[in-house]
Amino acid sequence: SIIDPIISEQLKLASADHTAIELSEDQEFTILERTRKFEQRIDFETLMGRQAPMTAIEKADKVRHEADRLEAEEILHTVEVNGNRYGDLVFFAAVLTSLVYYADDAKIAVKGAKATFFNLAPAQQAFILLLSSDVLVGYHSADGWQTVLRQIGGHYGIKEQEDAISIFVSLVPVGVDVLFKFWVFKYLRRIAPSTQVILEDIDRH
């Protein structure tokens, strides 16, 4: 892809000099914690007789080797996250440019989609609207929103914030639900009254 040269160059820099890629405090803390657990596992394996005792120098070398491996792992993750950011930035810029450049074609496509939808039978329209609304704001939608937000955060290397996720999930689906009901009340009853009647009957049951 277009960002492959950027990723390759960053990996080359990282292999030559680990300080070329700066890690976050959270990543450094993760390396430290995992290194401590690795050292504790060595002590446990030695205590249980599953591993031959090592000298202090041998143990330090082994722990340092594991720390180097974990650091390289975090550096690779950082490079991949940067690649995701660059790639998505290029993608969205290309999409936005296309929409601006081909604005007339985009309008035609939107009109065609609307015409196709409203040419469906009222029951089919109601089914599509109910399915869409239940996926976005239904009983189980909170789990879906949380999963999507965590995936997006991991994709961009953003630390998971449970409070922020909870606030988002408690506000956004409610807002979407209000907008959907407002659209049904104000516009759908005028454009497709039969579909609106079906939605009201289902909602009462």
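## Overall architecture

The protein comprises 8 helices and 0 strands. Read from the N terminus, the order of its elements is α-α-α-α-α-α-α-α. The structure is a predicted model. Of the 205 residues in the protein, 20% are classed as buried. Among contacts between residues at least 6 apart in sequence, 67% join residues at least 24 apart.

## Confidence of the model

The mean pLDDT of the protein is 84, and 88% of the residues reach 70 or more. Confidence is lowest in helix α1 (residues 4-16), where the mean is 60. It is highest in helix α2 (residues 25-47), with a mean of 92.

## Packing of α2 against α3

Two packed helices are described by the angle between their axes and the distance between the axes. For α2 and helix α3 (residues 56-101), the angle is about 145° and the axes are 9 Å apart. The crossing of α2 and α3 is right-handed.

On the α2 side, the residues that meet α3 are Gln-27, Thr-30, Ile-31, Arg-34, Thr-35, Phe-38, Glu-39, Ile-42 and Asp-43. Their counterparts in α3 include Lys-59, Val-63, Glu-66, Leu-70, Glu-74, His-77 and Thr-78.

## Thr-78 in α3

Thr-78 is a residue of helix α3. Its relative accessibility is 12%, under the 20% cut-off, and therefore Thr-78 counts as buried. Leaving aside neighbours within four places in sequence, Thr-78 is in contact with Ile-21, Glu-22, Leu-23 and Gln-27. Of these partners, Gln-27 is listed among the α2 residues that meet α3.

## Geometry of helix α7

Helix α7 covers residues 162-191, a run of 30 residues. At 1.5 Å a residue, α7 should span 44 Å, and its end C-alpha atoms are 41 Å apart, which agrees. A kink of about 40° is present in α7, centred on Val-184. Val-184 is also one of the buried residues of the helix, together with Ile-165, Val-169, Pro-173 and Leu-188.

## Phe-168 and its surroundings

Phe-168 lies in helix α7. With a relative accessible area of 31%, between the cut-offs of 20% and 50%, Phe-168 is partly exposed. Leaving aside neighbours within four places in sequence, Phe-168 is in contact with Trp-145, Leu-149 and Pro-173. Pro-173 is itself among the buried residues of α7. Phe-168 and Trp-145 are 23 residues apart in sequence, and their C-alpha atoms are 8.7 Å apart in space.

Definitions and conventions:
Residues numbered from 1 in each chain as written. Predicted model: local features only at pLDDT ≥ 70, side-chain atom pairs only at ≥ 80, totals over all residues. Heavy atoms only, no water. Helix = DSSP H or I, 4+ residues; strand = E, 2+ residues; numbered from the N terminus. Expected span 1.5 Å × (residues − 1). Bend = angle between axes of the 7 residues up to and from the residue. Buried < 20%, exposed > 50% of the residue type's maximum accessible area, 1.4 Å probe, protein only. pLDDT = per-residue confidence, 0-100. Axes fitted to C-alpha atoms, helices over the stretch in contact; angles between N-to-C directions. Left-handed = near helix turned anticlockwise from the far one by under 90°. Contact = heavy atoms within 4.5 Å.
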